[in-house]
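Here is a short report on one protein model. Read it with the sequence and the 3D view side by side.

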Amino acid sequence: EAALTKQQNAAKASEAQLQQQKQMSEAKLKEVSAAEASAKTKVAELEASLAKQQQAASSKDELAKRTQELEAALAKQQTAVKDLTTAEASAKKQVAELEAAVA
């Protein structure tokens, strides 16, 4: 009976040790789960930041392209103004010549 009691006490001690290990494992699992959730949140934040940066880069590229288009249009307009100024000067010269010929 003493041997049986000893075995029972050993079994209880072993059970208590297993219970303690289980509680430590559960606590560790909670820690790991919290760390995983935190890591997932950080990944989501980084993905959102990357998407914003890509969008900004895309907008910057579009802006640079639009600026080039506007600069090209401005150059064409400036050329047209020069051509019109030259044509106007030529027309004024012809008018003056005709007026001189008529007079």
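A helix here is a DSSP run of H or I with at least four residues, and helices are numbered from the N terminus. The model is a predicted one.

**Overall build**

The protein has 1 helix and 0 strands. Helix α1 covers residues 2-102. What box do the C-alpha atoms fill? Along the principal axes, the box is roughly 150 × 10 × 5 Å. The protein has 44 Å. A compact globule of 103 residues would have a value near 13 Å.

Distances within the helix can be followed on the model. Take A89, which is placed in helix α1. A89 and A37 are 52 residues apart along the chain, and their C-alpha atoms are separated by 77 Å. Now take K92, also in helix α1.

**Surface**

What share of the 103 residues is buried? The answer is 0%. Buried means under 20% relative accessible area. A89 has 45% relative accessibility. Exposed means over 50%, and partly exposed lies between the two limits. So A89 counts as partly exposed.

The protein exposes about 9400 Å². Carbon and sulfur atoms supply 58% of that area.

**Charges**

The protein carries 15 positive and 15 negative side chains. How far apart do the centres of the two sets lie? They are 6 Å apart.

Side chains of opposite charge can pair when their charged atoms come close. A search of the whole structure finds 4 salt bridges. A salt bridge needs a side-chain nitrogen of Lys or Arg within 4 Å of a carboxyl oxygen of Asp or Glu.

| E36 and K40 | 3.5 Å | 4 residues |

Start with E36 and K40. Their closest N and O atoms are 3.5 Å apart. Both residues sit in helix α1, and about one helical turn separates them because they are 4 residues apart. Is E36 buried, partly exposed or exposed? At 43% relative accessibility, E36 is partly exposed. K40 reaches 53%, so K40 counts as exposed.

Next come E69 and R66. E69 has 39% relative accessibility, so E69 is partly exposed. R66 has 46%, and R66 is partly exposed too.

Then look at K92 and E88. K92 has a relative accessible area of 54%, so K92 is exposed. For E88 the value is 44%, which means E88 is partly exposed.

**Putting it together**

The model holds 1 helix and 0 strands. Buried residues make up 0% of the protein. Its salt bridges number 4.

Methods
Residues numbered from 1 in each chain as written. Predicted model: local features only at pLDDT ≥ 70, side-chain atom pairs only at ≥ 80, totals over all residues. Heavy atoms only, no water. Helix = DSSP H or I, 4+ residues; strand = E, 2+ residues; numbered from the N terminus. Buried < 20%, exposed > 50% of the residue type's maximum accessible area, 1.4 Å probe, protein only. Rg over C-alpha atoms; globule rule 2.2 N^0.38 Å. Areas by Shrake-Rupley, 256 points an atom, 1.4 Å probe, with all protein chains shown as cover. Lys, Arg positive; Asp, Glu negative; His and termini not counted. Charge placed at Lys NZ, Arg CZ, Asp CG, Glu CD.
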